Amino acid sequence: MRRCFFFAAWTMLSLLLACGQEAAQTDTTDDTIHIVATTSQIGDIAKNVGGEHAEVNTLMGPGVDPHLYQATQQDMNTLSEADIIFYNGHHLEGNLQEIFHEMSNTTPVYAVAENTPRDLLLSEENSDAVDPHLWFDPNRWKYAVEAVQDGLVALDANNKDAYAENTQEYIEMLEELDTYAKEQLAAVSPESRVLVTAHDAFGYFGDAYDFDVEGLQGLSTDAEYSVRDVNHLVRLLTNRNIKAVFVESSVSERAVNAVIEGARKEGHEVEIGGELYSDAMGEEGTDEGTYEGMFISNIDTIVSSLQ
Ligand SMILES: [Zn+2]
């Protein structure tokens, strides 16, 4: 009886060990790179640059605000299984900063927007907080694409030619979008080039395409706006006779409605010019669920409301 028990226990142990070994073997033969990206804009780069060699998990879906995002237990599991992590940086994902700092001891972690040269960065007036929304200028966003390429090559040098080719293609797409933006935005007259939105997500866009950009909230959505902020925008809209303001897919409309209401009290009618994708892209499987489609959608919305 006792011998039988030992035999059974030994068999169980061997089985467990065998399973463990098998799992380890599967891991080493699986050469797909498991990438975790925070925002959908970074996920889009990772999918395209990684191509067939990578599988991408994007933490923040459509309509999600990265400034306020908190990691779930599911996210922690996903992150712990990542081969490499790409996030934006410049405090876009303020609540995740510490997690990434911690994880960088064991996993390669890259803040891709921090690869942009300093002299191309914008910061908030009277503050040294850097504007993290670099993806709205395709020329500045190229550096993020290169950061993803660098990360993947460092991890998987065998496929460096494929990554280089995919990077080149992605950068060409960004250059075409820049040309598209310039051509389409030419229809908007200089005096109408004012973009009023819920928060300051479009600073680089404004710098690249010569728009004045005003947000009710600052660079992050984590600070509440004040009556003074509302009044400032109401004055701007009235003085410059601007007819349209924009809502954002990842920020509540409440803030923008306060401005519209304020302008109406002053006798100036303003309408919502449409919804812009700011810190999140559209639903997966739709055109706006890709960087290219999102960018084109924003340009078309701006042109049709302000021309
Ligand atoms: Zn933002």
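Leaving aside neighbours within four places in sequence, Tyr291 is in contact with Gln41, Asp44, Trp135, Pro138, Trp141, Tyr170, Met173, Leu174, Leu177 and Met281. The model is a predicted one, and in it Tyr291 is, together with Trp141 and Phe205, among the residues with the most contacts inside the largest nonpolar core, which has 51 residues. The points below take up the cores, the zinc site and the aromatic pairs in turn.

**Nonpolar cores**

- Another core, of 20 residues, lies apart from the largest one, and its members include Val196, Leu236, Ile260 and Ala263.

**Zinc site**

- The zinc ion is coordinated at 1.9 to 2.0 Å by His67, His133 and His199, each through NE2, and by Asp279 through OD.
- The angles subtended by the four donor atoms around the zinc ion run from 93 to 127°, and the arrangement is therefore tetrahedral, a class that requires all angles to lie between 85 and 135 degrees.
- Along the sequence, the donor residues of the zinc ion follow the spacing H-x65-H-x65-H-x79-D.

**Aromatic pairs**

- The structure holds nine aromatic pairs, and one of them is formed by Phe86 and Tyr110, whose rings are tilted, with 5.8 Å from centre to centre and 40° between the planes.
- Since Phe86 lies in strand E3 and Tyr110 in strand E4, this pair ties together parts that are 24 residues apart in sequence.
- Phe86 has 0% relative accessibility and so counts as buried, whereas Tyr110, at 26% relative accessibility, counts as partly exposed.
- Ring pairs also link Trp135, Phe136, Trp141, Phe202, Phe205, Tyr209 and Phe211 into a cluster; of these, Trp141 and Phe205 are also among the residues with the most contacts inside the largest nonpolar core, and Trp135 and Trp141 are among the contacts of Tyr291.

Conventions: Residues numbered from 1 in each chain as written. Predicted model: local features only at pLDDT ≥ 70, side-chain atom pairs only at ≥ 80, totals over all residues. Heavy atoms only, no water. Donors = N, O, S within 2.8 Å, 3.2 Å for Na, K, Ca; no water. Tetrahedral: all angles 85-135°; square planar, octahedral: opposite > 155°, others 65-115°. Core = buried A, V, L, I, M, F, W, Y, C linked by side-chain atoms within 4.5 Å. Buried < 20%, exposed > 50% of the residue type's maximum accessible area, 1.4 Å probe, protein only. Contact = heavy atoms within 4.5 Å. Phe/Tyr/Trp six-rings, centres within 6.5 Å; stacked < 30°, edge-to-face > 60°. Helix = DSSP H or I, 4+ residues; strand = E, 2+ residues; numbered from the N terminus.
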